[in-house]
Amino acid sequence: MVAKSGHSPAPRSSSQIELSELFSHQEVDQLTSSSSDDFELEAGMSTSSKDQHQESVTLLDVEANEPVHQQPGFSFRELAKYFGPGLLTCVAYVDPGNLEADLQAGGFAGYALLWLFLVCTIMGFAFQCLSSRLGIVTGLNLAQHCGQEYPKLPRYLMWFCMEIAIIGADIQEVIGSAIAIALLSNNVIPLWAGVLVTAADAFVLLLVEQWGVRQLEAVFGMFIAIMACSFGVMYNNADIPQGQVLEGLVLPRLPKAALPLAVGTVGALIMPHNMYLQSAVVQSRPIAHHEVEKKQSALRYVRIETAIALACSFLINLFIVSVFAKGFFGRELPEDFGLQHAGEYLASNFGASYKYIWGLGLLAAGQASTMSGTYTGQFVMSGFLNFKMAPWKRSCVTRTVAIVPTLVIAVVFQASHKLDQLNQLLNILQSIMLPFAIIPVVYMTSQPRIMGKLFTSSRQLQVLIWILVGAILAINAYMIVSVTEGIFGNTWWLDLSFFVVGTFYYSFVAYLTIGPNKFYSVVSWLQDKGKTVFAASSASIEI
């Protein structure tokens, strides 16, 4: 007998309560007062879970018959109220792992892959908007929906995969920050010491959360501004041929030699844990969940805010790709052409100042992504497991896990290409984990019982999104096989491992794609068919 898993609604106030714990109540009060009376703040309120559920059901029942009102005109004042959460999520597009993908794309392929960065950013925007819609419409984040939608075993597997992805990203951030510290100190602070300093400063940055949500977003905005200014100065002073940049943006080209770089770019830009973060941070703004008009307006402004934030991240990536294309494309590049020695190469080609400008931008990227990963982990753990851990405790655990492999490579191997190789493997890891974020968010937003009829993704949008998901899965499969074979060689045990692990992996992906209810229906149907065939066979044998 197969147990079916239904969608059991959870209290609608849990996500807001979690946000009020993460951010100060004083800040929440400030947000309430700064908003108009059209908004209702549910964070930290004592409304019972039963009442919250009844209200949400009433909304879903009424939506089908409620007329769609014309939205009011655009207001910069209204946009300002929603501006900020996108700053927390866009740093995933410019973390140290992405910066390494940028410099390698520019050095080895020139401007040819700029169009791919644009396409990947647009794809990321589509997935981020779906995550925002899920959080705003339902009042629950993606992890909370997964926690109540999937049975225990799949839920724990998804949680484990996301934790691995977050820890992997944390390792890249530790590496990037440690390299930046070594650059800015003229190697007075060695790499291993930079790893320890980076681990320690995470706890200092966690103090920012005590200031409130707006102040936290301002700190993220400061880091993004530092990156934009640093890499923008490099771009402006490098005498970049603007015609070639424009050609790279509008003319899709994929040289055969650049195919591995292109595949790695897709894996590096779209980070899996970012979907979980986006669906949670959009709820830091007070939203009237009972009024369809208010939710439509909120979705409108959140899309604009997300587009602005991702446009900033795309410009940062464009600056880096173009600078390294200008300085190094067409030359014979060394084996260790990666993040660690990028500053030295820039200094030798453009001047000593580029080394420090690059180091400053790299340090900002590492620190911003460090904070983002810590908060994402909090939402993931509490949503999947209904277990909450203080951010400083979580940072202690994840940083300890992240430091061990990084410190071993920095101290024992003393070889630069080892760090770059580790970054490459970690980008593969993010690609492997990506389906466990994008498939659930696409699935959830396609279900009327979760979103209501009015906010469910249209059939055309569903088809387009699933095509993108299929493309990402195909790209990931190619990258995993090609990169791992390049590192470990083509051996029988590797082929066997691909077959065994790949069978389980894509079976789990298929399960997430069709959803637990349909999966159990298919299993029940197969069981009934099997019983019928067995009974028929037994009868024929008796005859």
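Asp239 is exposed, with a relative accessible area of 59%. In this predicted model, Asp239 sits in the loop between α11 and α12 (242-250). Its phi is near 55 degrees, a positive value in a residue other than glycine.

Asn186 tells a related story. Its phi is also near 55 degrees, again positive in a residue other than glycine. Asn186 belongs to the loop between α9 and α10 (191-205). Asn186 is partly exposed, at a relative accessible area of 42%.

Now turn to helix α16, which spans residues 342-350. Ala342, Gly343, Tyr345 and Leu346 are buried there. Seen down the axis of α16, these buried residues fall within an arc of 160 degrees, so they line one face of the helix. Just after α16 comes Gly351, with a positive phi of about 120 degrees.

The side chains of Lys355 and Glu344 meet in a salt bridge, at 3.4 Å from N to O. This pair links distant parts of the chain: Lys355 is in α17, Glu344 is in α16, and they are 11 residues apart. Lys355 counts as buried, at 10% relative accessibility. Glu344 is partly exposed, with a relative accessible area of 32%.

How many salt bridges are there in the model? The count comes to 6. Another lies within helix α11. There, the side chains of Glu217 and Arg214 form a salt bridge, at 3.8 Å from N to O. Residues three or four places apart in an α-helix point the same way, because the helix has 3.6 residues a turn. Glu217 and Arg214 are 3 residues apart in α11, so about one helical turn separates them. Glu217 is buried, at a relative accessible area of 4%, whereas Arg214 is partly exposed, at 27%. Arg285 joins Arg214 and Glu217 in a network of salt bridges.

Glu247 and Arg253 form a further salt bridge, with their closest N and O atoms 3.9 Å apart. Glu247 is partly exposed, with a relative accessible area of 35%. Arg253 is partly exposed too, at 31%.

Val500 lies in helix α23, residues 492-514.

Methods. Residues numbered from 1 in each chain as written. Predicted model: local features only at pLDDT ≥ 70, side-chain atom pairs only at ≥ 80, totals over all residues. Heavy atoms only, no water. Buried < 20%, exposed > 50% of the residue type's maximum accessible area, 1.4 Å probe, protein only. Helix = DSSP H or I, 4+ residues; strand = E, 2+ residues; numbered from the N terminus. Arc of directions from axis to C-beta. Salt bridge = Lys/Arg side-chain N within 4 Å of Asp/Glu carboxyl O.
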